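Visitor: I've got a structure open and would like to talk it through with you. Can we go region by region?
Guide: Gladly; let us look at it together.

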Amino acid sequence: MTIELVSKTRCFGGLQKVYKHESSELNCTMKFSLYEPEQRADTERFHVLFYLSGLTCTEENFIQKSGFQKYANEQRLMVVGPDTSPRGCNIPGDRDAYDFGEGAGFYVDATKEPWSKHYRMYSYVTKELPTLIRQNFPFISGKFGIFGHSMGGHGAISIGLRNPNLFKSISAFAPICNPSNSPWGRDKTFKFYLGEDIQDEWGKYDSKELVLSYAGPPRKILVDQGTEDDFLSSHLMPETLKDAATANSNVDVELRMQEGYNHSYFFIATFIEDHLKHHAHILNAA
Ligand SMILES: N[C@@H](CCC(=O)N[C@@H](CSC=O)C(=O)NCC(=O)O)C(=O)O
């Protein structure tokens with residue numbers, strides 16, 4: 001797989017890079033960001049953490065607004081941030097709303113036309129991107145970590161739980177915990193990308209349902225949620241995730257309700273250090 005460097009900027013000792021490549025899963029050109037900590041020895045290799053962004057984001061929002069680079073360098077973590085959907089595919093309706101189509105891939109593999117040829121973010125994040133990172137970067141062989149915000153928090157929890165052999169650590173900021181019952185999933189992305197087969201198709205991507213049914217090795221998921229988040233009760237519903245974890249001793253959800261914080265990157269920047277430490281702790285454990 002060929003990747004092309006788009007930009008390279010020194011930041012907290014390491015390098016914040018952006019790459020582009022032709023994606024075979026998504027059938028379009030995709031960009032992703034990659035932060036490489038300062039190399040302290042020629043042979044140094046790093047654990048890799050995937051960050052999945054929310055609705056309307058590209059690969060740029062997180063690298064410009066969260067301030068994660070300082071902590072990634074301290075924790076010796078390489079951090080990869082894909083774009084949130086295929087781009088430039090010119091599917092009718094893919095640019096009409098902030099929460100559907102471009103910028104709203106929702107980390108699923110669409111099964112319905114006209115979306116199914118391009119909207120395959122689940123396979124992009126679980127197959128194509130890990131392969132590309134393994135082939136091109138100084139990665140410590142083993143498992144990845146995964147985290148994200150809002151739509152990306154839903155992606156991180158659902159992908160992390162479904163792929164325990166690929167992703168060892170999981171955390172989220174303000175995740176959409178029960179997308180089958182959130183307007184963003186129920187009335188838009190799940191409905192049109194996946195169709196009406198709610199039982200079989202929607203459940204595969206619903207974090208609350210996946211926590212309930214999870215039967216793999218024990219997981220500890222860190223979740224931060226602002227109390228002043230406008231989407232909290234209508235779209236995010238973190239209590240559903242907590243209740244599901246109470247019913248399954250294999251999944252420990254540490255839900256931290258953060259007083260006065262909203263849904264923005266100011267909230268993410270405030271707690272980003274804790275998330276990188278959470279991942280470094282789990283990825284470095286034997
Ligand atoms: N109505 C807003 C909604 C967009 C929004 O809040 N996007 C969030 C993620 S929401 C869930 O996935 C985001 O991360 N925005 C990017 C940012 O840099 O803040 C709108 O104005 O579009």
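**Helix 8 and beyond**

Guide: We can start with helix 8, whose buried residues pack against helix 4 (151–162), helix 6 (207–213), strand 8 (219–226), helix 7 (232–236) and strand 9 (251–258). Please keep in mind throughout that this is a predicted model.

Visitor: Which are the buried residues of helix 8?

Guide: Helix 8 spans residues 238–246, and its buried residues are Pro238, Thr240, Leu241, Ala244 and Ala245. They lie on the same side of helix 8, because they cover an arc of only 160° around the axis.

Visitor: And what is exposed on the other side of helix 8?

Guide: On that other side, Asp243 and Thr246 are exposed.

Visitor: Changing topic: where does UniProt place the "active site" feature?

Guide: The UniProt entry, which is unreviewed, places that feature at Ser150, Asp229 and His263. These positions are spread over 114 residues of sequence, yet they cluster in space, with a largest C-alpha distance of 10.9 Å. From this set, Ser150 and His263 are part of the lining of the largest pocket.

Visitor: Take Ser150, then. Buried or exposed?

Guide: Ser150 counts as buried because its relative accessible area is 3%, which falls under the 20% cut-off. In the fold, Ser150 sits in the loop between strand 6 (144–149) and helix 4.

Visitor: What is Ser150 in contact with, leaving aside neighbours within four places in sequence?

Guide: With those neighbours left aside, Ser150 is in contact with Phe173, Ala174, Pro175, Ile176, Trp184, Leu236 and His263.

Visitor: Where is Asp229?

Guide: Asp229 is located in the loop between strand 8 and helix 7, and it is buried, with a relative accessible area of 5%. Apart from neighbours within four places in sequence, Asp229 is in contact with Ala174, Leu236, Tyr261, Asn262 and His263. Its side chain also makes a polar contact with the side chain of Gln225, at 3.2 Å.

Visitor: OK, on to the core. Which residues touch the most other members of the largest nonpolar core?

Guide: That core has 86 residues, and those touching the most other members are Phe32, Phe50, Val79, Ile133 and Tyr193. Helix 9 (residues 265–284) gives the most to this core, with 8 residues. More generally, in soluble globular proteins, nonpolar side chains tend to be buried together.

Visitor: What about Val125, where is that found?

Guide: Val125 is found in helix 3, which runs over residues 121–136, and it is buried, with a relative accessible area of 0%. Once neighbours within four places in sequence are left aside, Val125 is in contact with Phe50, Leu52, Tyr107, Pro130, Ile146, Ile159 and Phe167. Phe50 in that list is one of the residues with the most contacts to other members of the largest nonpolar core.

Visitor: I also had Ser85 marked. What does its side chain reach?

Guide: The side chain of Ser85 reaches the backbone nitrogen of Gly103 at 2.8 Å. Ser85 belongs to the loop between strand 5 (77–82) and helix 3, and it counts as buried, at 0% relative accessibility. Neighbours within four places in sequence aside, its contacts include Met30, Gly101, Glu102, Gly103, Tyr119 and Met121.

Visitor: Last topic, backbone geometry. Cis or trans, the peptide bond from Glu113 to Pro114?

Guide: The bond from Glu113 to Pro114 is cis, with omega near 0°, and Pro114 lies in the loop between strand 5 and helix 3. For context, most residues other than glycine have a negative phi, and most peptide bonds are trans.

Visitor: And what phi does Asn27 have?

Guide: Asn27 has a positive phi of about 55°, although it is not a glycine. Asn27 is placed in the loop between strand 2 (14–23) and strand 3 (28–36), and it is partly exposed, with a relative accessible area of 40%. Asn90 likewise has a positive phi of about 55° without being a glycine; Asn90 is found in the loop between strand 5 and helix 3, and it is exposed, with a relative accessible area of 59%.

Terms used: Residues are numbered from 1 along each chain as its sequence is written. This is a predicted model: local features need pLDDT of at least 70, side-chain atom pairs count only at pLDDT 80 or more; totals for chains, interfaces and linings use all residues. Side-chain values use heavy atoms; hydrogens and water are left out. Buried means under 20% relative accessible area, exposed over 50%, partly exposed in between (1.4 Å probe, protein chains only). Helices (H or I, at least four residues) and strands (E, at least two) are DSSP runs, numbered from the N terminus. The arc is that of the directions from the helix axis to the C-beta atoms. Contact means heavy atoms within 4.5 Å. A nonpolar core is a set of buried Ala, Val, Leu, Ile, Met, Phe, Trp, Tyr and Cys residues joined through side-chain atoms within 4.5 Å. UniProt positions are given in the numbering used here, feature names are shortened, and annotations may be inferred rather than shown by experiment. On a 1 Å grid over the protein atoms alone, a cavity is a set of points where a 1.4 Å probe fits but cannot get out, and a pocket is an open set with protein on both sides within 12 Å along at least five of seven lines; lining residues have an atom within 4 Å of a point. A polar contact is a pair of N or O atoms within 3.5 Å; within protein, one must be able to donate a hydrogen and the other to accept it, and residues adjacent in sequence count only if both atoms are side-chain atoms.
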